[in-house]
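Subject: Structure handover

Hello,

Please find the structure below, followed by notes on what was found in it.

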Amino acid sequence: MLTLCFISFTVQSQKKTPYILKPDRIFDGRTMHTNWIVKVNQDTIAYVGSANNYKGTLKDTIIILKGMTLIPGMIEGHGHLFLYPYNQKAWNDQVLKESQSYRVVRATTHAKKNVLAGFTSFRDLGTEGAGYADFGLKKAIDEGLIIGPRLQISSKAIVATGSYGPKDVAPEITIPLGAEEADGENLIKVVRSQIRAGADFIKVYADYRWGKNNTAAPTFSVKELKLIVNTANSSGRQVAAHASTAEGMRRAIEAGIKIIEHGDSGTPEIFNLMAAKKVALCPTLAAGYSIERYKGWISEQHKTPQRIIQKKKSFAQALKAGVTILAGGDVGVFEHGNNVLELEMMVAYGMAPKAVLQSVTAVNAQVFDMPKVGEIKIGNYADLVVVKGNPTKNISDLRNVKMVIKGGDIVLNK
Ligand SMILES: [Zn+2]
């Protein structure tokens with residue numbers, strides 16, 4: 001094989017010339033392989049498999065990646081491109097005091113950070129008061145105007161009247177909210193209008209902190225949730241439910257929702273039900289962890305907050321029940337580009353590194369119904385990430401990103 005020391009191609013010339021990547025290891029989304037190569041032609045994976053079986057010509061440009069692992073472009077399973085860490089600016093202030101134009105400009109920088117961290121796809125769980133701005137952001141990325149991940153968007157998200165924030169105003173004053181209120185039969189219309197505005201899936205808050213003393217409590221009835229599910233599903237779209245209480249989760253499952261976000265107070269019974277009904281959990285471990293940090297929790301050495309204790313417990317119960325675990329940290333609550341924090345926490349809370357890698361690639365793609373991403377296979381988009389080391393041994397090696405390729409374009413090479 002040719003050994004070619006490369007690097008100084010422009011994105012344009014790379015795109016025209018097919019090239020081969022030969023790292024030490026290739027994780028294809030399911031399994032690790034050695035002595036494998038990947039051939040990229042235009043925006044597509046043209047070959048993946050044993051180097052020995054490759055029938056191409058020696059004239060092909062070969063990029064040797066010593067000591068490196070090649071993985072599929074990662075998929076951020078739960079994020080908000082229109083949010084940034086609450087310790088920099090409180091959520092209320094982001095929603096109420098920042099103009100939409102400012103938030104859009106910021107979101108473009110967040111999008112870039114995700115890609116450069118190796119996350120070439122991103123599921124956005126609501127613009128949090130920025131209206132339908134995710135629609136234009138997605139279009140600008142798809143057209144190549146700005147660098148960003150392939151987006152799956154939900155537009156405004158749906159909340160029950162009176163449940164969502166911001167709330168700290170006099171009751172007679174109406175203020176813009178972080179999501180769209182709807183109830184009863186009107187849910188059908190709101191789902192349809194969000195679809196019209198570009199939502200790839202519908203996000204609903206099956207519970208929220210509207211209970212007594214701001215505790216989390218279920219919001220919609222099962223009947224209401226079913227209206228959402230039936231309307232979304234008839235258009236071929238999925239519904240994802242924010243739910244952290246056991247009852248909120250139970251209602252979402254009963255209504256036919258297939259993805260539950262957070263799930264903090266799930267119980268063994270609920271997780272068994274999820275496993276039986278093939279409902280997946282996106283645990284967002286890093287969100288609660290980050291919020292506790294912002295509140296002053298300094299480190300593992302200090303008294304662990306109740307929220308963290310509970311989250312560790314319920315995550316272990318979900319694993320034990322055999323629930324499909326998605327990888328999504330609620331990035332935006334913490335810094336865009338620090339997405340790997342969630343994956344490190346999944347390992348710290350009991351998942352094997354290989355299973356975490358499967359979640360953030362093939363499993364996410366499959367459950368979210370994202371076509372042609374998440375696995376390195378012929379015909380899929382050439383969305384690829386090269387990291388130094390072996391993340392199935394040490395998940396933090398995912399922080400050592402050396403190269404990011406999206407649709408065949410080398411967007412990072414260091
Ligand atoms: Zn979220």
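Two residues are taken to be in contact if their C-beta atoms, placed from the backbone, lie within 7 Å. On that basis I158 touches A179, E180, A182, L187, V190, I202, K203, V204, Y205 and I228, leaving out residues up to four places away in sequence.

Two notes on the source. This is a predicted model, in which local features need pLDDT of at least 70 and side-chain atom pairs count only at pLDDT 80 or more, while totals for chains, interfaces and linings use all residues. Residues are numbered from 1 along each chain as its sequence is written.

Overall form. The chain has twelve helices and 19 strands; these are DSSP runs (helices H or I, at least four residues; strands E, at least two), numbered from the N terminus. The radius of gyration of the chain is 22 Å, which agrees with the value near 22 Å for a compact globule of 414 residues (taken over C-alpha atoms; the globule rule is 2.2 Å times the number of residues to the power 0.38). The C-alpha trace spans about 70 × 45 × 40 Å along its principal axes. Of the contacts with a separation of 6 or more, 70% are between residues 24 or more positions apart.

A residue is called buried if 20 or more other C-beta atoms lie within 10 Å of its own, exposed if 12 or fewer, and partly exposed in between. By that rule 50% of the 414 residues are buried. A nonpolar core is a set of buried Ala, Val, Leu, Ile, Met, Phe, Trp, Tyr and Cys residues joined through C-beta atoms within 7 Å. The largest such core has 119 residues, and V38, I158 and I228 touch the most other members. Helix α12 (residues 353-367) gives the most to this core, namely seven residues. At least three core residues come from each of domain 1 (11-73 + 375-413) and domain 2 (74-367).

Domains. The bounds of these two come from an automatic or database domain assignment. Their centres, taken over C-alpha atoms, are 30 Å apart. Domain 1 puts 21 residues into the contact and domain 2 puts in 20. On the domain 1 side, β5 (61-72), β18 (401-406) and β19 (409-413) each supply at least two residues, and β18 gives the most, with three.

Helix α4 (residues 133-142). Which residues of this helix are buried? They are A133, D134, L137, K138 and I141. The buried residues of α4 pack against α3 (100-116), β7 (119-124) and β8 (150-152). After α4 comes G144, with a positive phi near 80°.

Backbone points to check by eye. Most residues other than glycine have a negative phi, and most peptide bonds are trans. G165 and P166 are joined by a cis peptide bond with omega about -5°, and P166 is in the loop between β9 (158-159) and β10 (180-181). N214 has a positive phi of about 60° and counts as exposed, because it has 11 C-beta neighbours inside 10 Å. D330 has a positive phi near 70° but counts as buried, because it has 26 such neighbours. D330 is in the loop between α10 (306-321) and α11 (340-348).

Regards
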